[in-house]
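Please look through the sequence and the three-dimensional view before turning to the points below.

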Amino acid sequence: MPSAETTPTFRDDLVKLIPAMRAFARSLTNNAADTDDLVQDAIVRAWSHAEQFTPGTNLRAWLFTILRNRYYSVAKHQQREVGDPDGVHTARLTIGPSQDWGIASRELKAALMKLPVEQREALVLVGGVGASYEEAAEICGCALGTIKSRVNRGRARLADIMGMDPGDTGLGTPTGLGTSSAWDTRPVSSH
């Protein structure tokens, strides 16, 4: 029996999930370089342990769990490192966006980073990546009701942080943040 690693389906499905993995990783790291490193590390780990994946099961949940676990492992090690936690130095090195969408994106990212990590994870998985509540619960390793509660509290807190009425922001539906990555820094085409 061929391993999952050697099948074109595994490879193709993994490649299709990279944008969603990147969006989720970006919500955790809030740094493009760390995002890319985290996604690459998760892909390498998934590929090297492909024989542990059971074909026919939820590849998305398996990959997101690897990514999430890797994030926590890296975060634990980084607690001992000295960095730029407030982003003061980084902010001086960047050029501010000249378009409204860039400002809104930065405000959304800043507001998301103020949420507790559990609420941010749940909100990004359900609202940003488009995962079902069931998938999000599986990825986060908690009960379905817990994910629903985290998403609800996260939406309410996000609206509060951004000074918005939750009923008018689009944050009241599971896909309110859309499926595009709000953390993607690439310019939007005007075409």
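The points that follow are grouped by topic, from the whole chain to single residues.

The model described here is predicted. Its protein chain contains 9 helices and 0 strands. Of the 191 residues of the chain, 36% count as buried.

**Overall architecture**

- Along the sequence, the order of elements in the protein chain reads α-α-α-α-α-α-α-α-α.
- Among contacts in the protein chain between residues at least 6 apart in sequence, 67% join residues that are at least 24 apart.

**Packing of helices α1 and α4**

- Two packed helices are described by the angle between their axes and by the distance between those axes.
- Helix α1 spans residues 8-16 and helix α4 spans residues 59-78; the two pack at an angle of about 60 degrees, and their axes lie 10 Å apart.
- This angle makes α1 oblique to α4, since roughly perpendicular applies from 65 to 115 degrees and roughly parallel under 35 degrees.
- The crossing formed by α1 and α4 is right-handed.
- On the α1 side, the residues that meet α4 are Phe-10, Asp-13 and Leu-14, and their counterparts in α4 are Leu-59, Trp-62 and Leu-63.
- The residues of this contact between α1 and α4 divide into 5 nonpolar, no polar and 1 charged.

- Glu-118 belongs to helix α7, which covers residues 117-129.
- The relative accessibility of Glu-118 is 36%, and therefore this residue counts as partly exposed, the category between the limits of 20% and 50%.
- Glu-118 and Val-151 are separated by 33 residues in sequence, while their C-alpha atoms are 9.0 Å apart in space.

**Cysteines and disulfides**

- A disulfide is a covalent bond between the sulfur atoms of two cysteines.
- The structure holds 0 disulfides.
- For Cys-140, the closest cysteine sulfur is that of Cys-142, at 5.3 Å, which is too far for a bond, because a disulfide requires sulfur atoms within 2.5 Å.
- Seen from Cys-142, the closest cysteine sulfur is in turn that of Cys-140, again at 5.3 Å and too far for a bond.
- Cys-140 has a relative accessible area of 7% and is therefore buried, as this value is under 20%.
- Cys-142 has a relative accessible area of 21% and is partly exposed.

Methods:
Residues are numbered from 1 along each chain as its sequence is written. This is a predicted model: local features need pLDDT of at least 70, side-chain atom pairs count only at pLDDT 80 or more; totals for chains, interfaces and linings use all residues. Side-chain values use heavy atoms; hydrogens and water are left out. Axes are lines fitted to C-alpha atoms, for helices over the stretch in contact, and angles run from 0 to 180 degrees between N-to-C directions. Helices (H or I, at least four residues) and strands (E, at least two) are DSSP runs, numbered from the N terminus. Angles under 35 degrees count as roughly parallel, over 145 as roughly antiparallel, 65 to 115 as roughly perpendicular and the rest as oblique. A crossing is left-handed if the near helix is turned anticlockwise from the far one by less than a right angle, and right-handed if clockwise. Contact means heavy atoms within 4.5 Å. Ala, Val, Leu, Ile, Met, Phe, Trp, Tyr, Cys and Pro count as nonpolar, Asp, Glu, Lys and Arg as charged, and the others, Gly among them, as polar. Buried means under 20% relative accessible area, exposed over 50%, partly exposed in between (1.4 Å probe, protein chains only).
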